[in-house]
Amino acid sequence: MLSSQQVETFRSQLTQMKKEIDERFEMNGHFGLEEGHFHESVGELSSYDNHPGDEGTELYEREKDIALNEHTEEEKLDIERALQKIEDGTYGQCEVCGIDIPLERLDAIPTATTCKEHAPEQIVSHNRPIEEGVLMPPFGKFDYDDQDENVAFDAEDAYQIVNSYGSSETPSDFNNPQDHYNDVYMESNDPDGYVEDYENFIGTDIEGKEITIYPSNQHQQYEDMLDEEGLMTIFGDLPPYEKDPYTEEEV
């Protein structure tokens, strides 16, 4: 049981803690959150002329301010709850089991309203951030390039399409400078909408039968490329049992 002198000592300590928090909020404007937009806190008018990296830094700082403000607001609520218990005459008693809270615990945590056994913070969470389930380098679980026989549209393809509209990189940022701005993004020469060149001029019916060749410039370029290399297909000559029927007899 706390003596009246001990209670008054804790009242004075808690009142001083609350005063310091109020002064801190007044001085920093609740960690800058009283500003209408995070640009105002850094003196910027807009994001138009800012580097994406600078924007990311400012966003991170804003998120940190929000977290610090929430933490301090919660600390202030704990102080006010403890002061209210002093007014009610229940300060120093566990609000769960009703036993006296040890003086050593109150000295360390004046805002404590429970004994150690019923402290809500005694359980440490081992849960990892949910983002770790998808944000794995380079594109998380949505990168299908290393999966055999998979040509699905994945996160890398989405990034390439967005990046093709422009980024902060210029030809001078590369070890091997590119000739055109359209070539400065990752794997810019990858085809968009198809995988193999012959998909531009070949078609089948809904069952994969009735193979049809549609003459076009792409088809002619494909044939010229094979003739130049002396190959029957882009992956090499066909095996003998498939090649013989297509080999013209020598005269």
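Which residues make a nonpolar surface patch of about 280 Å²? Select Val134, Leu135 and Phe142: they make that patch.

Before going on, note that this is a predicted model, in which local features need pLDDT of at least 70, side-chain atom pairs count only at pLDDT 80 or more, and totals for chains, interfaces and linings use all residues. Residues are numbered from 1 along each chain as its sequence is written, and side-chain values use heavy atoms, with hydrogens and water left out.

**Stop 1: the patch**

Stay on Phe142. Phe142 sits in the loop between helix 4 and helix 5 (155-163). Helices are DSSP runs of H or I with at least four residues, strands are runs of E with at least two, and both are numbered from the N terminus. Phe142 counts as partly exposed, at 40% relative accessibility. Buried means under 20% relative accessible area, exposed means over 50%, and partly exposed is in between (1.4 Å probe, protein chains only). The areas come from the Shrake-Rupley method with a 1.4 Å probe, and for residues only the protein chains shown count as cover. Patch residues have over 30% relative accessible area and no salt bridge; nonpolar side chains (Val, Leu, Ile, Met, Phe, Trp, Tyr) are joined within 5 Å, like charges within 9 Å.

**Stop 2: the aromatic pairs**

How many aromatic pairs does the structure hold? There are four. Rings of Phe, Tyr and Trp (its six-membered ring) pair if their centres lie within 6.5 Å; planes under 30 degrees apart are stacked, over 60 edge-to-face, and the rest tilted.

Select Phe10 and Tyr91. This pair is tilted, with 5.7 Å centre to centre and 55° between the planes. Phe10 lies in helix 1 (residues 4-28) and Tyr91 in the loop between helix 3 (52-88) and helix 4 (103-108), so the pair ties together parts that are 81 residues apart in sequence. Phe10 is buried, at 4% relative accessible area. Tyr91 is buried too, at 8%.

Next, select Phe25 and Phe31. Their ring centres are 6.3 Å apart and their planes stand at 80°, so this pair is edge-to-face. Phe25 is buried at 4% relative accessibility, and Phe31 is buried at 17%.

Now pick Tyr198, Phe201 and Tyr222. These residues form one aromatic cluster.

**Stop 3: the salt bridges**

Side chains of opposite charge can pair when their charged atoms come close. A salt bridge here is a side-chain nitrogen of Lys or Arg within 4 Å of a carboxyl oxygen of Asp or Glu. The structure holds eight salt bridges.

Select Glu61 and Lys64. Their side chains meet at 3.1 Å, N to O. The two are three residues apart in helix 3, about one helical turn. Glu61 is partly exposed at 32% relative accessible area, and Lys64 is partly exposed at 33%.

Go along to Asp78 and Arg81. Their salt bridge spans 2.4 Å, N to O. Both lie in helix 3, three residues apart, about one turn of the helix. Asp78 is partly exposed at 22% relative accessibility, and Arg81 is partly exposed at 38%.

End on Glu207 and Lys209. Their side chains meet in a salt bridge of 4.0 Å, N to O. Glu207 is exposed, at 59% relative accessibility.
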